[in-house]
Each structure stands twice: as C-alpha cells, then as structure tokens.
Amino acid sequence: MLSLVRQAAVVFAAGALLSGVVTHGSALAQEPSAQAGTLREAAEAEGVFIGSAIADHRLSDSRYNAIASTEFNSVTAENVMKWESIQPSRGSFNFAGGDRLVDFAEQNDQQVWGHTLVWHSQLPDWVEYGGFDAAELTEITDEHITTVMDHYEGDIAYWDVVNEAFNEDGTFRQSVFQQTIGEEYIANAFRTAEQADPGAKLCINDYNIEGVNAKSNGMYNLVRGLLADGVPIDCVGFQSHLILDMIPGDIQTNLQRFADLGVEVIVTELDIRIPMPADNAELQRQGDQFESVVSSCLAVDGCAGVTVWGFGDADSWVPDVFEGEGAACLYDENYQPKPAYDGVLTGLGGEPGGGPGPGPGPGEGCVANYQVTSRWNAGSVVQVGITVDRAVSGWTVTFSLPAGESVTSHWNTQLSQNGTTVTARNAPYNGNVPAGGTLNFGFQTNSGAVYSAPGVTLNGAACRAA
C-alpha cells in the first residue's frame, strides 16, 4: 500500500491542489488578483499551476527571460535533465544546466518539473548499446535515478520518472529497458525514485493518450495495476502535442477516469501545430482549441495544472520534427502573444486584455514619443522614447512605416522590418527599465517622406502618444 503521506498527496480537492508541492517562494500560494491579466495570475486564482518548458540556452535573452519569469509559476527542463545531458558517460554527471533552471525558479518563485529519468530517447550510446544484462541495466538505472534525485532533493516538485513507455496500440514500447529488464523496469523505477526523494511527486508521461484509445487504455491498465501493487505513482502526464482541428473530443472524460484512480492528471507538454503558413482564421481556431484543452483539464477533479512545451514559435521543436508544420505556441516568432495566449488565459479563468507579457496593459502604462529629428530628400532620422509607469524587464516595440520606407541603420536596439511593420527589441544592455523610466532607441530610413507619427505598442500593449 502507499504510505499515508503519499496517499494524502494524491487525494485532494480543487482548492487544495498545491499543498505540499515544492516551490521556491510563494509562487503557488498567492491570493487571487482582482483581474487575472497574466497566465500565472489566472492559474494561481484557480489553485493550479501553469508551466512552460524552458530552453537553457535562451535564459540569457532578456525578452525570453521576461516572459518565462512573469507568465508561468512552473518550469520544466526541456533538455538539460535528460539522460544524455546529465550523465553522458557512466558515472560522470553534469548538473550545470539543471542547476541553472533551479536557480531561475528560485529567483522567480516557481516550482520545477524534472524531465525525465527513464526514457528510450536521448539516451547516451553507453546505455543504449552497452549490451548489459537485466541485473546490470537495473543497477545502472537505479544509480542514475538515485544520483540525479539526490542532487535535486527538495528542489523538484514533480518528476517524469518513466516517459513514453507505450506503442500506439497500447503494447509496451520495445526500449532497451523493456527488452532487457521487462515490464518490471517501470515499477522498479518508481520504487527507486520514492526512496531517493520521498517529497517529490512521481509521474508517468506519454503522448497520444489525451483521448480514449488503445494507447490510453494501455496506460490506464498499467497505472491501475501499479497502484494495486503498491507502487508509488502519483500522477499521469498527458503530453498533448496536438494538431489543429484534430483535438480529441473526449479529453475531459479520459482525464477523469485516470483521476478517479486517485492520481493527479496534468497536461505536460501542450502545443497545437498548424500546416504552414498559418492564416488568421487558423490562429483564431488554435486559440479556441488551446482554451478547450485547458478547460477540459481544469474541469477534472484532480487536474493539477498545465504546461506548454515552450511558449514562443521561435523556439518550438515542431518545425524540426514535422516538416511543413509550425506556429504551435502561445507567442509568435517575435515573442508577441497570439490568440493561443488568450485561449490559455481564458481556459484558466482569466480575462484577455488584462496585459499579456511583461509590459504594461493595453492603453495604459506607457507613453510613446516618436520624433523625426531630421529629414532630407533621401533619408530621415527617427528617435523613439517610451516612458513606462511600471518596471519592464525586456521590451519589444512595434510600429508601422509608410510603404516604401525602409530602415537602413539603427542604434540602442535590435531591429527588424517585415513589409511596413518594424519590430524593435532591447539590446543586451538596456532591457530593464524602472517604473517611471524611459527606453530610447533610434534609426535611419531611406526616405524623407513626411508622415504622421504611427501608433506604437510595447510588449503587445498600445501606448499613448506623447
């Protein structure tokens, strides 16, 4: 039987989902805000978490960092805790990337989701092709789980202990673990994990199990059997790498049957990919479908939260794996919120228009001073200053130029132009602007045409003209 402590951890009401969860600071225990304008505020008001996979190499980007730190109260290691990254050779462990994520979470009052301990993919060759017998591979697996979890004991709220154990027909995937050890490798992994860190919640995670089908039936039967055998399994992760207009209609029903077993259910890797190029109608439907998935989870007694698999299309894994598909995330290539953002916010009970992203809310909080300081027949110089009412960590400014006017040089910004739309982002040294402060940048164009000052947005919010 499960220990009384572990039984208590997996039997809960919606209003008490986060009791006992390891967090850094008070991220998951704040009072609901009057209006939930961010994903994080909306999730906290519902007593659940909203997370994102975090790409280690992007944490130095101020725009990425600002969204990751303000919109989410849970962060998942995208790659740095996988076996090939953390133990590339036998007995040699590299915790640097995982430690950076834990530090980031501590700085931003977030929980950490560890991903992943035992998985058939991204295994180092020495494990995959080592030719070990069952006894030695079991010893190696136990040592890996114990060493990694010991290192992060007290820092990780949830672990994906076993990842992607099933084929599409509900049979067990013939991984090196399954072929060498047999089905018992799963129970062994969970028992070892409980001994290594009794305070962490232990999950099994897979894709294409969102609806009722052969694969989810295989997972259901496994989890039911593990629980009956006293195996310490706390949660089931439903990856939810979905396709536009192909969302299962029975997600809520399926999640509820797992929750009825006494485990938490979590949407762990949500994205919704679209054949490219995506048009506005598709992006609107995508937003509706994000809302549907999130709402389906939150409607289930036992849904602990939702994690998206990266938040920006610029960092998405989808185009590299699914040729001709993309636009799967909440923010576009320029880290501007899409209808998908509003869909998740609405699914969490928030109100779109409350100020997505790290900048001020729409129509308030920033004043833009757009000035053409000099003009001649073949060019002009423009200075832009934006004063903010509240602090900004990372900024993206957008505006439009007249047709035919192109930027030829710029300063104090990283700037790009697509047609008439100009996107200016902070340079590495000027991303942080205090409340009442002003961000400044400038550029030169190829035309001296006279035109009215354009509308300016900061981090997706319209600024007032000076």
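## Close-up views of strand pairing and disulfides

**Figure 1. Strands S16 and S17 form an antiparallel hairpin.** In this predicted model, strand S16 (residues 414-418) and strand S17 (residues 421-425) run antiparallel and are joined by five bridges. One of the residues to look for is Gln414, whose bridge partner in S17 is Arg425. Two residues sit between the strands of this hairpin, and Gly419 takes a positive phi near 65° there.

**Figure 2. An open sheet is built from five strands with mixed pairing.** Reading across the sheet, the order of the strands is S15-S19-S12-S11-S22. Because S15 and S22 each have a single partner strand, they stand at the edges, and one side of each is left without a neighbour in the sheet.

**Figure 3. Strand S19 pairs with S15 and with S12.** Strand S15 (residues 407-411) pairs with S19 in the antiparallel sense, and four bridges connect the two. Within this pairing, His410 has Phe443 of S19 as its bridge partner. Strand S12 (residues 379-388) also pairs with strand S19 (residues 438-445) in the antiparallel sense, here over eight bridges. In that pairing, the partner of Gln383 in S19 is Gly442.

**Figure 4. Strands S11 and S12 run antiparallel.** The two strands are joined by 10 bridges, and Gln371 stands opposite Gln383 in S12.

**Figure 5. A disulfide joins Cys203 and Cys235.** The structure holds three disulfides, and in the one shown here the sulfur atoms of Cys203 and Cys235 are 1.9 Å apart. The torsion about their S-S bond is about -75°, so this disulfide is left-handed. Since Cys203 lies in strand S5 (residues 201-206) and Cys235 in strand S6 (residues 235-238), the pair ties together parts that are 32 residues apart in sequence. Cys203 counts as buried because its relative accessibility is 0%, and Cys235 is likewise buried, with a relative accessible area of 0%.

**Figure 6. Cys297 and Cys303 are joined by a disulfide.** The distance from S to S is 2.0 Å in this pair. With a torsion of about 100° about the S-S bond, the disulfide between Cys297 and Cys303 is right-handed. Cys297 is buried, its relative accessible area being 0%, and Cys303 is buried as well, with a value of 3%.

**Figure 7. A disulfide between Cys366 and Cys463 links distant parts of the chain.** The two sulfur atoms are 2.1 Å apart, and the torsion about the S-S bond of Cys366 and Cys463 is about -100°, so the disulfide is left-handed. Cys366 belongs to strand S11 (residues 366-376), whereas Cys463 lies in the loop between strand S21 (461-462) and strand S22 (464-465), and the two cysteines are 97 residues apart. Both Cys366 and Cys463 are buried. When the bonded cysteines of the protein chain are numbered in sequence order, the pairing reads 1-2, 3-4, 5-6.

**Figure 8. Cys329 is a buried cysteine.** The relative accessibility of Cys329 is 1%, and since buried means under 20% relative accessible area, Cys329 counts as buried.

Definitions and conventions:
Residues numbered from 1 in each chain as written. Predicted model: local features only at pLDDT ≥ 70, side-chain atom pairs only at ≥ 80, totals over all residues. Heavy atoms only, no water. Disulfide = S-S within 2.5 Å. Buried < 20%, exposed > 50% of the residue type's maximum accessible area, 1.4 Å probe, protein only. Pairing = 2+ DSSP bridges.
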